[in-house]
Amino acid sequence: MRRLALYSATVCALSAAAATVSYLHGRGVVGTVWVLLAGVSSNMAWYYFRRARPRPATVPPCGSAGEACGTCVRSCA
């Protein structure tokens with residue numbers, strides 16, 4: 001999934017550069033389309049980057065008698 005995040009970030013950077021060039025050449029409508037594409041690809045890059053991060057480990061619930069579960073450091077009280 002990191003690869004998709006990098007591809008999306010690359011598309012975002014390239015479309016932002018294309019928008020800048022379009023605005024400099026006086027083509028506002030085309031520049032606006034490039035800005036919208038940059039926004040969508042930026043959101044995709046953020047989503048895929050967040051999705052690719054490792055998830056925190058979940059702590060299993062402690063036993064009913066109040067003893068420590070063995071996998072966590074805290075004791076169940």
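This is a predicted model: local features need pLDDT of at least 70, side-chain atom pairs count only at pLDDT 80 or more; totals for chains, interfaces and linings use all residues.

Trainee: Okay. How many helices and strands are there in the protein chain?
Mentor: The protein chain has 2 helices and 0 strands.

Trainee: Let's take H1. How many residues does H1 have, and how far does it reach?
Mentor: H1 covers residues 2-24, which is 23 residues. From its first C-alpha to its last it reaches 33 Å, close to the 33 Å expected at 1.5 Å a residue.

Trainee: And H2, what should it span?
Mentor: With 25 residues at 1.5 Å a residue, H2 should span 36 Å, and its end C-alpha atoms are 36 Å apart, so the two values agree.

Trainee: What comes after H1?
Mentor: H1 is followed by Gly26, and the phi of Gly26 is positive, near 85°.

Trainee: Which residues of H1 are buried?
Mentor: They are Ala5, Ser8, Ser15, Ala18, Ala19 and Ser22.

Trainee: What do the buried residues of H1 pack against?
Mentor: They pack against helix H2, residues 28-52.

Trainee: Now the other side. Which are the buried residues of H2?
Mentor: Gly31, Ala38, Ser41, Ala45 and Tyr48. H1 is included in what covers them.

Trainee: What share of the residues of the protein chain counts as buried?
Mentor: The chain has 77 residues, and 17% of them count as buried.

Trainee: Let's zoom in on Ser8. Why does Ser8 count as buried?
Mentor: Ser8 has 8% relative accessibility, and buried means under 20%, so Ser8 counts as buried. Its place is in helix H1.

Trainee: Leaving aside neighbours within four places in sequence, which residues is Ser8 in contact with?
Mentor: Ser8 is in contact with Ser41, Met44, Ala45 and Tyr48.

Trainee: How far apart are Ser8 and Ala45 in sequence and in space?
Mentor: They are 37 residues apart in sequence, and 4.9 Å apart in space, C-alpha to C-alpha.

Trainee: What about contacts across the whole chain, what share comes from residues 24 or more positions apart?
Mentor: Taking the contacts with a separation of 6 or more, residues 24 or more positions apart account for 43% of them.

Trainee: Can we try some other residues? Is Leu14 buried or exposed?
Mentor: Leu14 counts as exposed, because its relative accessibility is 59% and the cut-off for exposed is over 50%. Leu14 is found in helix H1. Its C-alpha is separated by 9.9 Å from that of Leu37, which is 23 residues apart from Leu14 along the chain.

Trainee: And Leu36, is that one buried or exposed?
Mentor: Leu36 is exposed, with a relative accessible area of 58%. Leu36 lies in helix H2. The C-alpha atoms of Leu36 and Ser15 are separated by 8.9 Å, and these residues are 21 apart along the chain.

Trainee: Where is Thr20?
Mentor: Thr20 is in helix H1, and at 46% relative accessibility Thr20 counts as partly exposed. Between the C-alpha atoms of Thr20 and Gly31, 11 residues apart along the chain, the separation is 7.0 Å.

Trainee: Switching to aromatics. Which residues form an aromatic pair?
Mentor: The count comes to 1 aromatic pair. Tyr47 and Tyr48 form that pair, which is edge-to-face, with 5.3 Å centre to centre and 65° between the planes.

Trainee: Why does Tyr47 count as partly exposed?
Mentor: Because Tyr47 has 42% relative accessibility, which falls between the cut-offs of 20% and 50%.

Trainee: Last topic, the surface. Which residues make the nonpolar surface patch?
Mentor: Val11, Val30, Trp34 and Leu37 make a patch of about 300 Å². H2 gives the largest share, 3 residues. Trp34 is found in helix H2, and at 31% relative accessibility Trp34 counts as partly exposed.

Trainee: And what does the accessible surface of the protein chain come to?
Mentor: About 6,100 Å², of which 65% belongs to carbon and sulfur atoms.

Trainee: Great, thanks!

Technical notes:
Residues are numbered from 1 along each chain as its sequence is written. Side-chain values use heavy atoms; hydrogens and water are left out. Helices (H or I, at least four residues) and strands (E, at least two) are DSSP runs, numbered from the N terminus. The expected span of a helix is 1.5 Å times one less than its number of residues. Buried means under 20% relative accessible area, exposed over 50%, partly exposed in between (1.4 Å probe, protein chains only). Contact means heavy atoms within 4.5 Å. Rings of Phe, Tyr and Trp (its six-membered ring) pair if their centres lie within 6.5 Å; planes under 30 degrees apart count as stacked, over 60 as edge-to-face and the rest as tilted. Accessible areas come from the Shrake-Rupley method with a 1.4 Å probe; for residues, only the protein chains shown count as cover. Patches are made of residues with over 30% relative accessible area and no salt bridge: like charges are joined within 9 Å, nonpolar side chains (Val, Leu, Ile, Met, Phe, Trp, Tyr) within 5 Å. A salt bridge is a side-chain nitrogen of Lys or Arg within 4 Å of a carboxyl oxygen of Asp or Glu.
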